[in-house]
Amino acid sequence: MRVLSGIQPTGQLHIGNYLGAIQQWVDLQTKHDCFFAVVDLHALTVQQDPKEFGRATMEKVIELISAGLDPEKCTIFLQSHVKEHAELAWIFNTITPVSELERMTQYKDKSKKNKENINAGLLTYPILQAADILLYQAQGVPIGKDQIQHLELTRTIARKFNNLYGNTFVEPEALVLPEGAKIMSLVEPKKKMSKSDGAASYVSLFEEPESIRKKFMRATTDAGKEITYNPAKKPGVSNLLVMYSLFAEQSIKDTEKQFQGKGYAALKKEEAELLIDKLEPFRKKKKELQSRDLYLKEVLKRGAEKAHSVASQTMEAVRSKLGLLSL
Ligand code: AQP
């Protein structure tokens, strides 16, 4: 199976990103032909400081490798290194109704949050995402729950192009985990954990131990004392239980049993220590990679070449289907 997924370079890689998406990537890379992109063009929908942007992009590559991606087992590349992404996105712009884009939840949320910069890119973001995926003829796209609506639109775009111009694209399936696909904010546990919602709401994958302890101890919990899984009535405790069970690799039921009769404070304390322990190898690996500039550049060069060789073939087929002349 061909697999593709991506992550933005800006902001912190948090445990929501990890449990919903990256952990799947690490697992899939040993079984499938995987392409993972740092989607730097997507991040430009928010204005970036050019000096900081390059640094953040390289840091995201470092973080993905630190979290378990192995450049020998999968293709890691930057979206902007493969020009076909922008080219195919333009073609898809011409077959996607604006009304479909306007009903995307992410567009509505982000335009509410960024009232002073509702740019066209924010609206057409899912079209570029469709191009990212369809260029590689990916059958599987490992994502968190928040991205399912965009993946549906990608499938619609693939079908529409195929109907209009003849069979060209594979219709991809979303690979969404049964648990962890939507980790909630530590502050507002009815909202998803999000890097743009303030540092107290998420734990970074590379967070220092003291800060992990503080964030868990301050996490919002619910009325009552009992530690039971009930997302509707106890969203805060349920979110803590989900995260604990995923990091401890045990069921939610067993986790409930483990904390039976103990209070919320005990759960928070033990959860913080569990995460400190589990995230330690990531922190170590990140420090080690930070000085390996040449190696990282080589990884990206190889990744760009491999990605381009697949993307250019798809684009050639698209150009020919559309009647765009070649030289
Ligand atoms: N809370 C989450 N739970 C599970 N999965 C999540 N993902 C994001 N948040 C959660 C998944 O992580 C992958 C990469 O995400 P992204 O870089 O595209 O960023 P995002 O989805 O926009 O993540 P944020 O933190 O919510 O960013 P902002 O604040 O900018 O909107 C995706 O597969 C995503 O589903």
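**Basis.** I worked on a predicted model, in which local features need pLDDT of at least 70 and side-chain atom pairs count only at pLDDT 80 or more, while totals for chains, interfaces and linings use all residues. Residues are numbered from 1 along each chain as its sequence is written, and side-chain values use heavy atoms, with hydrogens and water left out.

**Ligand shell.** I listed 22 residues around the ligand, of which His14, Asp146, Lys192, Ser194 and Ser196 come nearest (a residue is near if one of its heavy atoms lies within 4 Å). By class I noted 11 polar, 6 nonpolar and 5 charged residues (Asp, Glu, Lys and Arg count as charged; Ala, Val, Leu, Ile, Met, Phe, Trp, Tyr, Cys and Pro as nonpolar; the others, Gly among them, as polar).

**Polar contacts.** I looked up pairs of N or O atoms within 3.5 Å. A polar side-chain atom of Asp146 lies 2.5 Å from a ligand oxygen. The backbone supplies a polar atom of Lys195 at 2.8 Å from a ligand oxygen and one of Met193 at 2.9 Å from a ligand nitrogen.

**Burial.** Taken alone, the ligand exposes 650 Å², and the protein buries 95% of that (Shrake-Rupley method, 1.4 Å probe).

**Cavity.** I found 1 cavity of 30 Å³ or more (a set of points on a 1 Å grid over the protein atoms alone, where a 1.4 Å probe fits but cannot get out). I recorded Gln106, Tyr107, Lys110, Leu122, Tyr125, Pro126 and His150 as its lining (an atom within 4 Å of a point).

Conventions: Polar contact = N/O pair within 3.5 Å; in protein donor to acceptor, adjacent residues only side chain to side chain. 1 Å grid on protein atoms, 1.4 Å probe; cavity = no way out; pocket = protein on both sides within 12 Å on 5 of 7 lines; lining within 4 Å. Points joined across faces, edges and corners; volume = space filled by probe spheres on them.
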